[in-house]
Amino acid sequence: MTSSNASSQEPGDTLAIDDDFDPDLLPLGDIRRYPNHRPLDCGQRAFLAVGSGVACLAAPWRDDMISAFGETTGEWALRRLRDDMLANEEGRRILAERPRIRTVEGGGSIDLEALRRLPEGSLGRAYADFLDRYGYSPDHRRTVCFVDDPELAYVMQRYREIHDLNHVLLGQGTDFLGEVVVKWFEAFQTGLPMCVTGAFLGSLRLRPKQTRRYLQEGGYLAYALRTGSDADLTINYYFERNWHQPLAEVRQQLRIEEPPNLK
Amino acid sequence: FIPKMQCRQLLRCISRSPATSSSSCFGVARRQVHQPGGFDTSFGFEEVEPGQKQDRVNQVFNPVSNSYDVMNDLMSAGLHRCWKRRFVASANPRPGWRVVDVAGGTGDIALGLLEWSRKLPGRAPPPVRVAPGDGSVDSFREAAERQTAAAEAEAPASCTVSVVDPSPSMMQVGSAKASAKGSTFASSIQWLEGRAESLPLDEASSDLYTIAFGMRNCTDLPGVLREAHRVLKPYGRFACLEFCSVENPLLSILYDEYSFRVIPPMGLLVAGDWDSYEYLVESIRRFPHQTLFANMMREAGFSAVNYEVLWPGVCCIHSGYKLPSV
């Protein structure tokens with residue numbers, strides 16, 4: 001889910017590459033393997049998984065609960081996703097270089113001004129327009145903290161950071177219907193329990209007009225399921241090197257269909 | 001079994017927006033912060049400059065003020081109410097006393113003190129002076145009743161409490177609670193923003209000084225104790241309720257596991273803040289042992305210093321008296 005809550009990110013808050021960070025020993029013997037890591041034991045993980053799941057349903061605007069739910073339940077799916085990334089050449093490069101989609105001020109490499117100046121119809125321009133339309137910033141994403149393996153934590157972080165780009169590629173807004181479509185797409189691509197439950201339970205809360213557009217022949221649900229299963233993994237796409245590419249070509253390359261226009 | 005009202009309050013807390021993460025930043029770095037010329041003070045298990053600690057404490061308490069009471073109930077399974085009731089009983093404020101309650105932002109102790117003092121009989125009315133009249137028993141009785149009623153009307157109904165707290169948002173929660181209880185309560189409490197090391201009160205102005213679960217957040221313990229000594233009247237009483245070192249080894253193991261494993265995730269779910277509650281359990285561990293704290297009180301000038309450990313052994317009440325200087 002996209003969030004509009006600012007989360008403070010200090011410099012040095014980023015997921016470091018292993019040689020930069022000295023693992024910390026915490027009280028009670030846990031080892032912190034990356035900055036912001038919060039090691040959990042089995043009982044805590046189960047407690048947080050159940051508790052955050054309940055909180056997601058009771059208070060869906062609480063993005064920290066959504067993040068916590070995704071991180072505590074995603075171990076298996078992240079491992080599978082990491083293996084898929086390793087099998088792909090560009091995915092392997094992403095895992096080695098660990099690029100972060102953050103603005104320059106936030107410690108990353110995205111220059112929003114430069115993206116806004118790109119030609120109309122390019123990926124970067126579409127992304128900048130999306131951020132401006134909803135007032136988001138890539139720095140708003142929370143940093144992963146409950147995943148123990150630093151590489152899997154990076155995969156989770158990468159997934160979280162390309163969520164907005166998935167919105168752009170699928171041509172969906174951040175209204176409930178758009179979020180459900182993107183969640184279905186991500187559920188197929190990543191297999192994360194958070195995406196699956198979010199897509200399914202979110203679709204139960206659609207308004208009648210949205211539900212019609214969702215369920216009809218050639219509607220959004222069909223589009224999401226088709227695209228989700230056919231498309232290549234967006235997490236393997238090196239967005240930071242391809243801002244200038246036309247959006248239509250990127251979609252073709254990733255085998256993402258043009259979204260239906262049902263307005 | 002949690003009663004219905006507490007369930008509702010709990011759900012309300014979960015549904016609130018999470019704390020803005022100005023408080024989450026200090027979970028990240030566990031580095032020694034050394035600056036030339038300054039000494040380090042402990043902030044949980046992170047060493048910070050004394051000047052920084054108060055800001056950090058404020059950062060902890062300002063966002064969590066709304067869910068503070070609910071979290072207290074959850075963390076102690078309601079036991080904190082029993083401890084606070086016992087604390088108020090042992091402090092025993094009489095009507096007419098001026099009490100200073102430090103770090104009492106959400107008003108639990110202040111309201112408890114007021115209720116306790118209201119239930120006590122007031123001071124005995126002064127002896128009846130009857131003007132020479134006809135000398136009959138009835139006229140004497142009437143005059144006595146009139147004078148007693150007048151004296152009782154003047155006698156204070158309860159003590160007055162000055163709550164001193166560095167966090168305005170905690171005090172807002174407290175004054176809302178006091179107004180909900182009624183104007184008699186709200187009018188007997190004064191809410192002052194300030195720190196325990198420098199109280200905005202005059203010397204020898206209070207009969208009783210109370211601090212409940214606030215001492216571990218203070219930067220300079222000897223300074224706080226000296227300040228407490230300053231504002232107390234001669235024969236005034238100092239009372240401090242605080243978590244203590246657990247003596248029983250089995251309880252200690254269970255307590256550590258519970259504190260470090262369960263409380264921070266619970267804080268994340270209910271208050272949206274893992275770091276503040278991790279800070280809380282760490283600051284408890286860094287507080288001096290109860291005997292050491294009693295010695296610190298003696299050094300600050302308190303007499304008849306004693307401590308009483310409350311069931312199940314995780315917190316205790318320290319008390320001492322200020323004797324008039326010879």
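Helices here are DSSP runs of H or I with at least four residues, strands are runs of E with at least two, and both are numbered from the N terminus. The model is predicted, so local features need pLDDT of at least 70 and side-chain atom pairs count only at pLDDT 80 or more, while totals for chains, interfaces and linings use all residues. Residues are numbered from 1 along each chain as its sequence is written, chains are lettered from A in the order in which they are written, and side-chain values use heavy atoms, with hydrogens and water left out.

Select F200(A) to begin, which lies in helix α10 (residues 193-203) of chain A and is partly exposed at a relative accessible area of 47% (buried means under 20%, exposed over 50%, partly exposed in between, with a 1.4 Å probe and protein chains only).

Next, select H163(A), D164(A), H167(A) and E179(A), which an unreviewed UniProt entry annotates as "binding site" (such annotations may be inferred rather than shown by experiment). These residues span 17 positions in sequence, yet no two of their C-alpha atoms are more than 10.2 Å apart, so they gather at one spot.

Finally, move to strand β4 (residues 160-165) of chain B, where five of the six residues are buried, so the strand is largely enclosed by the rest of the structure. Strand β3 (residues 98-102) of chain B pairs with β4(B) in the parallel sense over five bridges (pairing requires at least two DSSP bridges), and S162(B) is the bridge partner of V100(B).
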